[in-house]
Amino acid sequence: MVSDATIATIAALMVTASLPFYLYGAWIMIDAETVSWSVLVYHLKFIVPGLILTTIPVVTWMLPRLLDQLGGVLVLHAILGLQAYALLVLALTGIVRILQVKRDADLYEDPEREVDLDELHPDMSAWRGRLRVGVFGYVLFWLLAWLLGMSQYLGRYVLG
């Protein structure tokens, strides 16, 4: 049987390994002058593995143990993590609508066309706001949960 410390180490490594994927995926979007379909797909090639590296330990190891460990800092860690995922869902509600409108306007096929995105749909600015708030919030709460989780990991399995 695999020890709790080994599983915790694997989980910590997986979640930590997702950070470079998130950072590079964000850099792709920040650095892109125009977001074409190929830029979006390239961006997702990094974001999706980052999400997978974070979500697998959460679903397979952290959530099943949550009720046995509810107390103190672990409750805060769980709340921060759940808040991160809630904000990710908020971001997805914005990006799905933005993708639909941009695809309908052929902006992914002809990304050089000069179009004010807010003129494509009356709700575009609200969707873009959801996307920004959701992504920023996800990253913020992910970092806070990661810092708290790493401090718990170090205290319990490395230093303790």
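In the predicted model, the side chains of D118 and R128 form a salt bridge with an N to O distance of 3.6 Å, a salt bridge being a side-chain nitrogen of Lys or Arg within 4 Å of a carboxyl oxygen of Asp or Glu. This pair links distant parts of the chain, with D118 in the loop between α3 and α4 and R128, ten residues apart from it, in helix α4. Helices are DSSP runs (H or I, at least four residues), numbered from the N terminus, as are strands (E, at least two). D118 is partly exposed, at 37% relative accessibility, and R128 is also partly exposed, at 24%. Relative accessible area under 20% counts as buried, over 50% as exposed and in between as partly exposed (1.4 Å probe, protein chains only).

Across the whole structure, two salt bridges are found. R65 and D4 also meet through their side chains in a salt bridge, at 2.7 Å from N to O. R65 is buried, at 18% relative accessibility, whereas D4 is partly exposed, at 33%.

Helix α1 also contains S18. This serine is buried, with a relative accessibility of 0%. Leaving aside residues up to four places away in sequence, S18 touches G50, L53, T54 and W142, where contact means heavy atoms within 4.5 Å.

Helix α3 (residues 73-104) packs against helix α4 (residues 124-158) at an angle of about 155 degrees, and their axes are 7 Å apart. Axes are lines fitted to C-alpha atoms, for helices over the stretch in contact, and angles between N-to-C directions run from 0 to 180 degrees. The two helices are therefore roughly antiparallel; this term applies to angles over 145 degrees, with under 35 counted as roughly parallel, 65 to 115 as roughly perpendicular and the rest as oblique. The crossing of α3 and α4 is left-handed, meaning that the near helix is turned anticlockwise from the far one by less than a right angle. The contact of α3 with α4 has 24 nonpolar, nine polar and three charged residues. Nonpolar covers Ala, Val, Leu, Ile, Met, Phe, Trp, Tyr, Cys and Pro, charged covers Asp, Glu, Lys and Arg, and the others, Gly among them, are polar.

Residues are numbered from 1 along each chain as its sequence is written, and side-chain values use heavy atoms, with hydrogens and water left out. As the model is predicted, local features need pLDDT of at least 70 and side-chain atom pairs count only at pLDDT 80 or more, while totals for chains, interfaces and linings use all residues.
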